[in-house]
Amino acid sequence: MTTDVTDTGLGTIRTGILGGGFMARVHRTAARDAGGELRAVATRSASGGRDAAQALGADRAESDAAALLTAADIDVVHICTPNATHAALALQALNAGKHVVCEKPLATTAEDAKLLADAAATGGRVAAVPFIYRYHPMVREARARVARGEAGDLLTLDCSYLQDWMLLSSDDDWRVRSESGGASRAFADIGSHLCDLIEFVIGERIRALSARTRRVFSERSGHAVDTEDIVAVLIETESGALGTLLISQMAAGRKNALTLELHGSRQSLRFEQERPEELWIGMRGESRLLLRDPAASAPDSVRLQRLPAGHSMGYQDAFNGFVADVYAAIAGAEPDGLPTFADGYRSAVLTEAVLASAADSGRWVEVAA
C-alpha cells in the first residue's frame, strides 16, 4: 500500500497551493489523502485567493504567490498555475527552501527546466512533476512484465493520447496562446504524459523522432491561436524499436484516451487509461485480459492497489498514489518511480525535439540524452 506520511513519525506535511482551478482541487484531495494539511492558497488576485481557499478548505488565503512561498508554516508548494508561470514560481519555491510539486510542463523551455532540475538536486529538495499515469497499478504491472523479459525484445509501439475538448472553434482556453501556455499545446499538455509513460514502462529512452503538427483553427472565439491541436510522431527507441504516436485534442468522443500498446517478440501489452483495471496481453497462440488483483500482481503494482480486486480504481487514486510518494519522500523514504524535476526536464527536451522536427518538414531529430 502507499505510504501515509502520518506513519513516518516525522510530523504532518504542511501544504500550500498556488492556483484554484480543477487541478488545484485534484492536488488538494491527494494531499489530504496523504495526511497533509492544507494551510494556504494563493491565486492571481486576493479576492480569487479567498474564494479558492474557501472552496478548497484551506486554513487561509495568502495575498499573493510571494507570501505563500515565504510562509514559515508551509513545507511543500503545489504549483497549479498557467504554464508560463511554472518556472519562476518553482525556482522561487526552491530558493525559499520548499519542496515542490509543479504541474507539467515544468517549464516552457528545456533550458529553464534544466535550471530547475539542477536547483532541486543542489538544494536537496523533493521536486516532483505529476506524471501520474505511472501510478495506475496495471501500468506498474506492465512495467514489471517488461523488466522480467516476459514480452521479449521490444519490436514496435502503437500509442496515442486523444481528447476532444478543443474540437470546436468556439472552444477556447489560455493554453491555446503561447504567451501563457508555451510554444507547444497538445504535445506539451498530453503528449508529454504519453512519452513519459512509454519510457517508464519500457525502461529505455526515445532516441530519435520525426514529427508533424497541425493547427486546425487559426483563431478561437476571436482569439488568435499559435499552438498545435494535433501531433503525429514516429519514434525510434534506444534498442531500435519503432513506434507511432498520435496526440490530438480534437478527436470527437475521446475524453481522456491514453493508450499504450507495446509489441515484443514474445508478447504484446496494451494499457488504456480509460480502462485502468485491465491489461491486455497478446500472444501468438492466445490472448488474455488481466484484471487488477493484488493477489496476483507484481510487488510494485500491489503497493499502489488501495482497494481489493473488483473495487474500481481510477484517476484520482493514481494522483493520490503520486502525492503519497511525494510526501513519503519528504519524510525520508525513497519510493520507486517518483517522477521528479529531472523527468520534467526530459519532457521539455522531447517537446523541443518535436517542435524542431515539425518546423523542418518532419526531419528525423536525435533526442538529447
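Strand β4 (residues 76-79) runs parallel to strand β5 (residues 99-102), and 4 bridges join them; two strands pair if DSSP finds at least two bridges between them, and strands are DSSP runs of E with at least two residues, while helices are runs of H or I with at least four residues, numbered from the N terminus. From β4 the chain passes through helix α4 (residues 86-95) to β5 in a right-handed β-α-β crossover, a term for a path that runs clockwise from the first strand over the helix to the second with the strands pointing away from the viewer. This is a predicted model, in which local features need pLDDT of at least 70 and side-chain atom pairs count only at pLDDT 80 or more, whereas totals for chains, interfaces and linings use all residues. Residues are numbered from 1 along each chain as its sequence is written, and side-chain values use heavy atoms, with hydrogens and water left out.

Strand β1 (residues 14-18) is also joined to β4 by 4 bridges, and these two strands run parallel. Individual partners are listed here.

| Residue | Opposite residue |
|---|---|
| His 78 | Val 101 in β5 |

Both faces of β4 are covered, with Val 76 and His 78 buried on one side and Val 77 and Ile 79 buried on the other. His 78 counts as buried because its relative accessibility is 0%, where buried means under 20% relative accessible area, exposed over 50% and partly exposed in between (1.4 Å probe, protein chains only).

The side chain of His 78 makes a polar contact with that of His 27 at 2.8 Å; such a contact is a pair of N or O atoms within 3.5 Å, and within protein one must be able to donate a hydrogen and the other to accept it, with residues adjacent in sequence counting only if both atoms are side-chain atoms. Leaving aside residues up to four places away in sequence, His 78 touches several residues, including Ile 17, Val 323 and Tyr 327, contact meaning heavy atoms within 4.5 Å.
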